[in-house]
Amino acid sequence: MTLSKAYWAQRWITGWALAWRVASRFIAGETVEQAIRAVQVLNQQGLLATLDQLGENTQTAQDAEVAAQGILNLLDEIERTGVQANVSVKLSQLGLVVDPPLAEKHIRRIVEKARQTNNFIRVDMEDSSLTDSTLDIVSALHEEGLTNVGTVIQSYLYRSVEDTRRLIEQGVKIRLVKGAYQEPPHLAYPRKRDVDAAFDRLSDLLIEASLGLEYSRATASGRFPPLAAIATHDEKRIEYAIQTAKRYGLPVERLEFQMLYGIRRDLQVELAKQGYPVRIYVPFGTHWYPYFMRRLAERPANLWFFVSNLFQR
Ligand code: FDA
């Protein structure tokens, strides 16, 4: 190997090792055992969890099967260890991009298994090319009586008000997020302040709809979320939701807040102390690269920290 190749190989390996060091702030580990341990620590602090076995954009039926098996095993591990956690799944991990019926078959198996173990599956929302198929699959499962499945609404999409109303009507539980993918301006608000305003309007809808619903014992178990889960680290959005819920007289236990593992731990604990269910999204596994890149892209300071470390060595 020439010196320059050796130099770049070393840079690459160092870069990868550093990427993992920075990524491990956001990712609980590469194995199920490490992820369960992270959840146990969160549970001890009064926080709930949703576990995400990382993976997306699966291209073969074999990889989709491996991913589905991993999630089925994860449900067993949650049951065996008794942690307060449900599971988040990306349908592209189960083959949605290449074979939608296959993805639907796998997610049905997973939701059925979750029902047997008294657990809940949240289907994450991916880029806008998958919004229709994701909502269709979730709605179909819910209509079949698999009510332990919910999904995610992204406030940056113009279509989200309509989608939210439809899901509420069906009784599908919703996690509200701003949205993490690059979308064109004819589909999504390009300006942050519009995304934020849309987020508040959708919070309103969800909180108002929560009033009419019964609060079940399953919800209190720590695995089943209430109808409305407000997933953000943005204190203004959180404060808006809190004030709206107070105005409507919605009890604290019926408004869940969700945040990502490793981000705003202070705020996570603070909200839990106020009596709100707070659920932490805990990703784990070896396919951490795309997830990590989205976290870097959200915040220039993360990217700067990563790049400056890389070139200091
Ligand atoms: P915003 O970006 O305005 O950030 C507010 C504050 O939070 C920042 O000022 C900073 O303090 C902190 N912060 C935010 N991101 C950070 C980061 N990466 N590193 C360090 N600090 C950070 N998206 C999606 O498209 N589909 C999905 O299914 C999900 N699922 C999901 C689950 C959960 C539990 C959460 C919390 C988020 C998601 N998301 C998601 C991601 C979401 O769309 C969004 O990209 C991030 O939550 C960041 O946006 P905020 O709402 O936090 O606001």
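Helices (H or I, at least four residues) and strands (E, at least two) are DSSP runs, numbered from the N terminus. Axes are lines fitted to C-alpha atoms, for helices over the stretch in contact, and angles run from 0 to 180 degrees between N-to-C directions; contact means heavy atoms within 4.5 Å. The model is predicted, with local features needing pLDDT of at least 70 and side-chain atom pairs counting only at pLDDT 80 or more, while totals for chains, interfaces and linings use all residues. Residues are numbered from 1 along each chain as its sequence is written, and side-chain values use heavy atoms, with hydrogens and water left out.

Two strands pair if DSSP finds at least two bridges between them. Strand E5 (residues 174–177) and strand E6 (residues 228–231) run parallel and are joined by three bridges; Arg 175 has Ala 229 in E6 as its bridge partner.

Helix H2 (residues 32–44) has 13 residues and spans 18 Å from its first C-alpha to its last, close to the 18 Å expected at 1.5 Å a residue; the expected span is 1.5 Å times one less than the number of residues. Which residues of H2 are buried? They are Ala 35, Ile 36, Ala 38, Val 39 and Leu 42. Seen down the axis of H2, these buried residues fall within an arc of 160°, so they line one face of the helix. The arc is that of the directions from the helix axis to the C-beta atoms. Arg 37 and Gln 44, on the other side, are exposed. Buried means under 20% relative accessible area, exposed over 50%, and partly exposed in between (1.4 Å probe, protein chains only). The buried residues of H2 pack against strand E1 (48–53), helix H3 (61–81), strand E2 (85–89) and strand E8 (278–284).

In the largest nonpolar core, of 70 residues, Leu 51, Leu 94, Ile 107, Ile 121 and Leu 255 touch the most other members. H3 gives the most to this core, with seven residues. A nonpolar core is a set of buried Ala, Val, Leu, Ile, Met, Phe, Trp, Tyr and Cys residues joined through side-chain atoms within 4.5 Å.
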